[in-house]
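My entries follow the display.

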Amino acid sequence: AGAVCSPGIVASDSEGGRVAVLGPDLRRQRGLAEGLSRPTGLACQGETVFVAETGAHRVVAVGPDGARRTIGERGEGPGRFNFPTVLALAGASLLVGDTLNFRIQRLDPATGASSGSFGQLGDAAGEMPRLKGVAADSAGHIWVSDAYLDQVSLYDEQGSLLLSLGGPGSDPGRFSFPAGLAANPDGRVAVVDALNRRVQVFRLVDQGRRP
């Protein structure tokens, strides 16, 4: 995974257990953290880089000097995780894709305290059997991709489902294993449609009620 942060472009190496800062040419400039257990998703707040340490079932906050603070441990309750994989900042909250708890948890980035969650296991629109991506747009909406349903779902700031897009297929607006998501400040949201080998871009119209 990768993210553009104050230190530069930050990338995680899941197999190598490390996080590094890259230059504009995408060459490694320096290491930020090593010895992690399957680091995956990243999010940045100022000079702090949050890392989903998937193999350790927690989130690690890494400061500019390399100092670490850990959040959570394995479990099902608030503030606990089961293979977290993706992260995103949404206003004052850190969103954690708690993949095998089939939910998004909302945390206070400063304290790590949980302020709620949404999502569940199932095969209906808006459920999260194979959560793969999360992003928050400039209007505060939360976008979540699910690779089992081949859908992207849109939620309000409280986690209430507004709509779901897609379904299996290769036509525009359909997906095959949608994975990463990224939100642009201009309102567009890009979806990595992995097995269709493309990126699809969406935006909201009509007061955010229709894709």
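**Basis.** I worked on a predicted model, in which local features need pLDDT of at least 70, side-chain atom pairs count only at pLDDT 80 or more, and totals for chains, interfaces and linings use all residues. Residues are numbered from 1 along each chain as its sequence is written, and side-chain values use heavy atoms, with hydrogens and water left out.

**Sheet.** I looked up an open sheet of four strands, ordered β5-β6-β7-β8 with antiparallel pairing. Its edge strands, each pairing on one side only, are β5 (39-45) and β8 (68-71). Neighbouring strands of this sheet are turned by 25° against each other on average, direction ignored; the axes are lines fitted to C-alpha atoms, and angles run from 0 to 180 degrees between N-to-C directions. Strands are DSSP runs (E, at least two residues), numbered from the N terminus, and two of them pair if DSSP finds at least two bridges between them. I found five bridges between β5 and β6 (residues 48-53). Ala 43 stands opposite Phe 50 in β6.

**Hairpin.** I then turned to β3 (residues 18-22) and β4 (residues 28-33), which run antiparallel and are joined by four bridges. Val 21 stands opposite Arg 30 in β4. Five residues lie between the strands of this hairpin, and Leu 26 takes a positive phi near 70°.

**Aromatic pairs.** How many aromatic pairs does a search of the whole structure find? I recorded two. In Phe 118 and Tyr 155, the ring centres are 4.8 Å apart and the planes at 50°, so the pair is tilted. Rings of Phe, Tyr and Trp (its six-membered ring) pair if their centres lie within 6.5 Å; planes under 30 degrees apart count as stacked, over 60 as edge-to-face and the rest as tilted. Phe 118 lies in β12 (residues 114-118) and Tyr 155 in β15 (residues 151-155), so the pair ties together parts 37 residues apart in sequence. Phe 118 counts as buried at 8% relative accessibility, and Tyr 155 is buried at 3%; buried means under 20% relative accessible area (1.4 Å probe, protein chains only).

The rings of Phe 175 and Phe 202 have centres 5.9 Å apart and planes at 50°, so this pair is tilted. Phe 175 is in the loop between β16 (161-166) and β17 (178-183), and Phe 202 is in strand β19, 27 residues apart. Both Phe 175 and Phe 202 are buried.

Conventions
Buried means under 20% relative accessible area, exposed over 50%, partly exposed in between (1.4 Å probe, protein chains only).
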